[in-house]
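Dear colleague,

Please find the structure below, handed over for your review.

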Amino acid sequence: MPSANLESPGPPEAVIVPSGRLARAREKFISAGAIDTGGVRQIIAASWSRSRDWKVAADQIELPYVRDPDPHVPLVHSAGPVLKRLTEQTADSAVSIILTDAQGVVLDRRTGDPELRRELDRVQLAPGFSYAEQFVGTNGIGTALEGGQATGVFGHEHYASNLESLGCAGVPVRHPLTGRLLGVLDLTCWSEDAGPLLLALARNTAQHIERELVTHTGLRETALLHAYLKATRRPGRIVFALTTDVVMMNDHARDALTPADQAALLACAAESAGPLQEPQQRGAVDEVELPSGTRARLARQVVYVGSTPVGAVVEVRLCEPDPAARTAASPAGIVLPGVAGSSPAWRRACDETDRHYTTGQWVTVRGEAGTGKLALLRAVHLRHDPAGRFRVLDAEHATRPSEFLAAVQRELRDRPSTLVLRHIDRLSPAAGRALTAVLQQARQEGARNGHRHWIAATHTLALAEEQSELLGVFAGTVEAPALRHRIEDLPELVPYLLRSLSSATNLTCSPAALQLLMRNAWPGNVTALRSALATVVQHRRTGAIQPDDLPAHCRSATRRVLSPLEAMERDAIVQSLINACGSRSGAATALGMSRATIYRKIREYGIDLPR
């Protein structure tokens, strides 16, 4: 591809400001936060401001990495022929063709120029890395995603100095029928070669991809609909059809299932439908237990267009309800003593842990801090052996590894019914090897003398390769889901926690307050929810909890964990908004900040104040 003529006419978003003036404007913004309105395009100035709000580093790049981005999504299949043709046309040019998903994760990268390829590797513009604006700042991919429009970013317009040698043009690619954003087509070259023609070529390529999507979408949906209608002709069958963005359910499913069972089955069907690219899973049959106590068998059939999987049809047969399961599940949805929740993710964790106990298999429970890993293990122990000894040893609280190992050996000699080792991911590799030897010896001695004790462990992080031998002592790992992944459990979990926190039995949570709680991301999981409710219980003993009773942070739904200073600022804004009866301008005046700033802070912290 010949170098683009910088004087060529083009749309305003492709006009390039002289390099020297732009470099000075960027340096001024980074150091003082002031924008040269005459030297910086409006779309770039807005992106710089967002990048600063995201707290993106201007002098380095640290990007999240997805190890195996799914290459079988419809966007990749439809774009393949288009990208191949463009690659052939630009074989002699220093230009890279990049395709990302809707989160900015690079799915495909093609370039024939070795020097440009090395530069892209250096700045991690490679498959698996996310170029979303929140991670790398102003760039052709992330800024096109944020603005929802074709965007060129050239040289010093990049927020990160590592990228200023490049010029890139990103164009959003949308689903031709639903309009849903699927990803970005980006062309990247050296900044001195970039210009309006680069953006024009990117626009043209994105349009070709969308036309291919029209053809492929019609074939996919026709094939899936045919398979779905064929399955629904069989009487008495519950049938789901699923793709990555379409779900169909027949009338019999709506008539035969409660809403809770529908949600659970849909979650199981979606889980069994992926990954669709694995042919050996075709026709797989799974059996699951529903919240109502009914058991269901799911049979899956993958639908193909040629050799490409495009969706799945899942047929469901209901089995006779399990009386024991009905007894175990109380009306409040408590499956095990001391825990609450009936979402598919939580029920699965309960069932798997319970199964490990009944078979005598040692198990580890992994999950974020505060997800209820210890509570889950204690609940399983209480269900099977309420009079037995339940002992917990925490590696995090031990002053020395040798102290922790000695405590483990003492407990094993005392033969508890259940021994839980917490935070084994905090052990050093040497301590992990020593603990492995202790546990292996305990297993051998238990097999010789016939003593049966159950050992479980918890950890918040994936164990390092050096700890793989320790992990091998346990038969399996159960994932304790984060609260945000089972937010539908809050209508059961909140009353249960209130009962445990207050002796008053008539303290309830109003629908408005519950809605606020369900909008929260809960980075601290159940522990954070319990702490919030404990704050409420201190000043309200009876009646229904209202939104005004909740702590300030419960009105915020941020995508990240806030620093202490940020949390204080958020709480001050929430309280000022409450005092001003929701008036943004009144709260801004009280806090001594501008209206623009308070609007930006409300959006940044995800503050939600119901009317």
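Tyr357 and Trp454 are both buried. Please note that the model is a predicted one.

Aromatic pairs

The count of aromatic pairs comes to four. A pair of this kind is described by how far apart the ring centres lie and by the angle between the planes.

In one of the pairs, the ring centres of Phe29 and Tyr159 are 6.5 Å apart and the planes stand at 75°, so the arrangement is edge-to-face. Distant parts of the chain are linked by this pair: Phe29 belongs to helix H1 (residues 19-32), while Tyr159 is in the loop between strand S3 (151-154) and strand S4 (166-174), 130 residues apart. Phe29 and Tyr159 are both buried.

Tyr357 and Trp454, the buried residues named at the outset, also form an edge-to-face aromatic pair, with 4.8 Å from centre to centre and 75° between the planes. Because Tyr357 lies in helix H11 (residues 344-358) and Trp454 in strand S14 (residues 454-459), the pair ties together parts that are 97 residues apart in sequence.

Ring pairs also join Phe29, Tyr159 and Trp48 into a cluster.

Charges over rings

Which ring does the charged end of Arg443 sit over? The ring is that of Trp362, and the charged end of Arg443 is 4.2 Å from its centre. Likewise, Arg486 has its charged end over the ring of Trp346, at 4.0 Å from the ring centre.

With kind regards

How values were computed: Residues numbered from 1 in each chain as written. Predicted model: local features only at pLDDT ≥ 70, side-chain atom pairs only at ≥ 80, totals over all residues. Heavy atoms only, no water. Phe/Tyr/Trp six-rings, centres within 6.5 Å; stacked < 30°, edge-to-face > 60°. Helix = DSSP H or I, 4+ residues; strand = E, 2+ residues; numbered from the N terminus. Buried < 20%, exposed > 50% of the residue type's maximum accessible area, 1.4 Å probe, protein only. Lys NZ or Arg CZ within 6 Å of the ring centre and 35° of its normal.
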